[in-house]
Amino acid sequence: MTRVCLNVLLGIPGSGKTTYCQQLAVLPSRSFEVVHVCYDCFIKIDENYDKFRDASGLYKLHRHKLLSHVERIILHMKRNDQPKLQEVLARWSDEFGHELNISTQTMASDVVFLIDDNNYYRSMRTEWQKIARKLSIGYFETFFDPALSIAVQRNRARAQPIAEEVINHMWMRLEKPSGKLYDHELEVLRIQQNVDYDGIVQQIQYCFENPLKPPTAQPAVQPMKQSTVHKIDIILRKLISKKIGEARESMVSSQQLQSYVKVLQERKKFVLEQIRKCELNVSEEMMYRYVEELF
């Protein structure tokens, strides 16, 4: 039976997701096939950002259709049902206007699906994890987390760059994974600079051998104490001061620096609200580290 792993990518535009997919697809040492599900090919997230933010917009409907198609594709692959698989792939082409490259050779091998999207809301990633649990397949996330300035610089070098205000907004709203706050986010590889592809291959092999199981009931999470929220707010203020200090050397104008400070302040508000609803049962010595990871 074909073993399948979902590798869900998350990160803002310019963070390195496309290069990762390209390199993994041509890696000579891999013993599995790669199916690249690139949202930019099938659904234009960055071009339709305003529509995406509308809960009733067509973009959300298209996302759900893509997710449902991938679920059925994996199901038929696991069952080795070629006729049903070809039916779904034909519907895929009709729905999204591009073929999904799955060959007969792919059917005879272990397969990793690269879910190449920004996936910056936790709910987006959770939907993929639900599929992995439902189908008992492997799952892990790769989080691309370079400095915002690096992502913006890479974006400028693109043939068709994305508006920088869109990238800034995505960075402000990015719900960074945290295994400390969310048990289901333990299987996350974080990439800030160079990619260890040997480590990625090892993680994929591990996920083939250790597929997810159906979820168990979780106890209700109690809201965080106000005293802890105050401590986290102080930590976030220190982190902003640190980032501003680091940015002064690279910002070419005071206007650019002021714009960056505004982005940081918005990010602080979002992160504080995000973790206010969670339990963070760690010592004060460790608290700075976890808050810094989320910021």
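How many of the 10 residues of helix H9 (residues 164-173) are buried?

**View 1. Helix H9 is mostly covered.** This is a predicted model. In helix H9, 7 of the 10 residues are buried. They are Val 166, Ile 167, Asn 168, His 169, Met 170, Trp 171 and Met 172. An α-helix has 3.6 residues a turn, so residues three or four places apart point the same way.

**View 2. The whole protein chain holds 13 helices and 5 strands.** The chain has 295 residues, and buried ones make up 49% of them. Its accessible surface comes to about 15,700 Å². Carbon and sulfur atoms hold 48% of that surface. Now take the contacts with a separation of 6 or more: residues 24 or more positions apart account for 80% of them. Confidence is highest in strand S1 (residues 4-10), with a mean of 95. It is lowest in helix H3 (residues 49-53), with a mean of 51.

**View 3. An open sheet is formed by 5 strands.** The order is S2-S3-S1-S4-S5, and the pairing is parallel. Which strands sit at the edges? They are S2 and strand S5 (188-191), and each pairs on one side only. Neighbouring strands are turned against each other by 20 degrees on average, direction ignored. Strands of a sheet pair through backbone hydrogen bonds, either parallel or antiparallel. Helix H1 lies across S1, S2, S3, S4 and S5. H1 runs at about 165 degrees to S3.

**View 4. Strand S2 (residues 33-38) pairs with strand S3 (residues 111-116).** The two strands run parallel, joined by 6 bridges. Glu 33 stands opposite Val 111 in S3. Is S2 mostly covered or mostly open? Of its 6 residues, 5 are buried, and S2 is mostly covered.

View 5. Phe 143 stands opposite Arg 190 in S5. In a regular strand the side chains alternate between the two faces of the sheet.

**View 6. Thr 142 lies in strand S4 (residues 138-144).** Is Thr 142 buried or exposed? Its relative accessibility is 0%, so Thr 142 counts as buried.

View 7. Gly 138 is buried, with a relative accessible area of 0%. Gly 138 and Val 4 are 134 residues apart in sequence. In space, their C-alpha atoms are 6.2 Å apart. Gly 138 touches Val 4, Cys 5 and Leu 6, and also Ala 132, Cys 207 and Pro 211, not counting residues up to four places away in sequence.

**View 8. Phe 32 and Phe 208 form one of 4 aromatic pairs in the structure.** Their ring centres are 6.0 Å apart. Why is the pair called edge-to-face? The planes stand at 65 degrees, so the pair is edge-to-face. Phe 32 lies in the loop between helix H1 (17-25) and S2. Phe 208 lies in helix H10 (residues 197-209). The pair therefore ties together parts that are 176 residues apart in sequence. Both Phe 32 and Phe 208 are buried.

**View 9. Tyr 20, Phe 144 and Tyr 197 make a cluster.** Ring pairs link these residues.

**View 10. Asn 119 and Ser 136 have positive phi, yet neither is a glycine.** For Asn 119, phi is near 45 degrees. Asn 119 is found in the loop between S3 and helix H7 (122-135). It is buried, with a relative accessible area of 0%. For Ser 136, phi is about 55 degrees. Ser 136 has its place in the loop between H7 and S4. Ser 136 is partly exposed, at a relative accessible area of 36%.

Technical notes: Residues numbered from 1 in each chain as written. Predicted model: local features only at pLDDT ≥ 70, side-chain atom pairs only at ≥ 80, totals over all residues. Heavy atoms only, no water. pLDDT = per-residue confidence, 0-100. Helix = DSSP H or I, 4+ residues; strand = E, 2+ residues; numbered from the N terminus. Buried < 20%, exposed > 50% of the residue type's maximum accessible area, 1.4 Å probe, protein only. Pairing = 2+ DSSP bridges. Phe/Tyr/Trp six-rings, centres within 6.5 Å; stacked < 30°, edge-to-face > 60°. Contact = heavy atoms within 4.5 Å. Areas by Shrake-Rupley, 256 points an atom, 1.4 Å probe, with all protein chains shown as cover. Axes fitted to C-alpha atoms, helices over the stretch in contact; angles between N-to-C directions.
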